[in-house]
Amino acid sequence: MAHTTPGRITLGIETSCDETAAAVYHTHNGLLSNALFSQVELHKQFGGVVPELASRSQLEKIEPIVRHALEGAHLSPPDIDVIAVTHKPGLPGSLLVGVCFAKALAWAHNKKLVGVNHLEGHAFSAFLEHTIPFEHLCLTASGGHTSLYIIRDFGVYETIGTTQDDAAGEAFDKIAKLLALPYPGGPVIERLAAEVNFQDFFGYPRATAHSLDFSFSGLKTAVLYDLIKRGAYDMRAKQLLNPSAELKAQVASSLLVCVADIFEQKLARAYARYPHIKAVSFVGGVACNKYIRQRLSAWCERNKLTLYVPRPAYCTDNAAMIAFVGNYKAQQGLYADMTLDILK
Ligand code: KG4
Ligand code: ZN
């Protein structure tokens, strides 16, 4: 197909937390490569991300991962038009590695630089595979964030709800830790819940407030007190008292049903307030969850809306979404300079 404008090639770099990622995106040909190193094995023994270890690992991996992404696209730095990098929000030490590397590369090869907000990356990640009509509703649920947005256009969005405390993925991770299950908690909770058919055994509290905001820290406390009531947790010793595998599966299942109910409730509330929306997208690490996807997809079907969910590799942290957002920001002329930092 003939194009009036030459394609722009954007290298995306993502180091906001515990993944070192780089990807190359071409305006007309889409994603050319996508490289990632996950630190999950490094943090597993601690039951969560240890910031100092995360930034040290980012330092080790940034150069080989960027090289890998360029090689995967059969390109070298001079072929790139734009370098896009996640500059906020995230762990400061981890973010600095990506931002300093991107600046150095841009300086050395005289390339344009774009700063990308990590949350904007997630919010537009479903565009890597789909054309989603504007305006639409976006639910982002990850380990660090849980928010609702009205997406009006590329780069134009309004936050209409957000978590007041923990993120949904954080709740899965913390409750998994409480149950002595491995990190990250989301996938293992989904696996256990499937064993007992995604039933609601314990009826944990759903958010009832009439707002579009979320709150998940109370859910963790509710699970903890329920475990104590069932004699499965010693509050004084702060330890689990050998609960049966069945009880763990029942907790996981009740938790998943509860979170799906909360999400469904928020979508319904948002749709009532913004009835003009044309579609819904569900993104972030928690969107890997097949049960929650099915629940939200059924809700959308009942409401004659289409649900767009990225493939799992684009739900969890990745650089493809950063390259995509960087590419349209460059198109819009929204370049950064060497003063780009992790605070503003
Ligand atoms: O997007 P992401 O990789 O990182 C952040 O930006 O936070 O999300 C990681 C989160 C973790 O909390 C993890 O437990 C959760 O996503 N997660 C899941 C599933 N896979 C990952 N939660 C529920 N079900 C899953 N299958
Ligand atoms: Zn993320």
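Buried means under 20% relative accessible area, exposed over 50%, and partly exposed in between, with a 1.4 Å probe and protein chains only. The structure on screen is a predicted model, in which local features need pLDDT of at least 70 and side-chain atom pairs count only at pLDDT 80 or more, while totals for chains, interfaces and linings use all residues. Residues are numbered from 1 along each chain as its sequence is written, chains are lettered from A and ligands numbered from 1 in the order in which they are written, and side-chain values use heavy atoms, with hydrogens and water left out.

**Stop 1: the cysteines**

Select Cys288 and Cys315. Cys288 is partly exposed, at a relative accessible area of 23%. Cys315 has a relative accessible area of 0% and is buried. How far is the sulfur of Cys288 from the closest cysteine sulfur? The distance is 4.5 Å, to Cys315, which is too far for a bond. Seen from the other end, the closest cysteine sulfur to that of Cys315 is in Cys288, also at 4.5 Å. A disulfide is a pair of cysteine sulfur atoms within 2.5 Å. A search of the whole structure finds zero of them.

**Stop 2: ligand 1**

Asn289 places a polar side-chain atom 2.9 Å from a nitrogen atom of ligand 1. Asp317 places a polar side-chain atom 2.9 Å from an oxygen atom of ligand 1. At Gly285 the contact comes from the backbone: an N or O atom there lies 3.1 Å from an oxygen atom of ligand 1. The protein buries 89% of the 560 Å² that ligand 1 exposes when taken alone. These accessible areas come from the Shrake-Rupley method with a 1.4 Å probe; for residues, only the protein chains shown count as cover.

Now colour by secondary structure. Helices (H or I, at least four residues) and strands (E, at least two) are DSSP runs, numbered from the N terminus.

**Stop 3: cis peptide bonds**

Most peptide bonds are trans, and most residues other than glycine have a negative phi. Select Phe134 and Glu135, which are joined by a cis peptide bond with omega of about -5°. Glu135 is in the loop between α4 and β6 (136-141). Then move to Tyr183 and Pro184, where a cis peptide bond again has omega of about -5°. Pro184 sits in the loop between α5 and α6.

**Stop 4: positive phi**

Select Asn197, in the loop between α6 and α7 (217-229). Its phi is near 60°, a positive value in a residue other than glycine. Is Asn197 buried or exposed? Asn197 counts as exposed, at 58% relative accessibility.

Lys304 is the next selection, in the loop between α9 (290-302) and β12 (306-308). Lys304 is not a glycine, yet has a positive phi of about 55°. Its relative accessible area is 75%, so Lys304 is exposed.

**Stop 5**

Return to the loop between α6 and α7 and select Gly203. Gly203 is partly exposed, at 49% relative accessibility. Its C-alpha atom is separated by 10.0 Å from that of Ala222, 19 residues apart along the chain.

In the loop between α6 and α7, select Phe214 as well. Phe214 is buried, with a relative accessible area of 1%. Draw a line from Phe214 to Ala279: they are 65 residues apart in sequence and 21 Å apart in space, C-alpha to C-alpha.

Finish at Gly47, in the loop between α1 (40-44) and α2 (51-72). Gly47 is partly exposed, with a relative accessible area of 21%. From Gly47 to Asn289 the separation is 242 residues in sequence and 20 Å in space, C-alpha to C-alpha.

Terms used
Polar contact = N/O pair within 3.5 Å; in protein donor to acceptor, adjacent residues only side chain to side chain.
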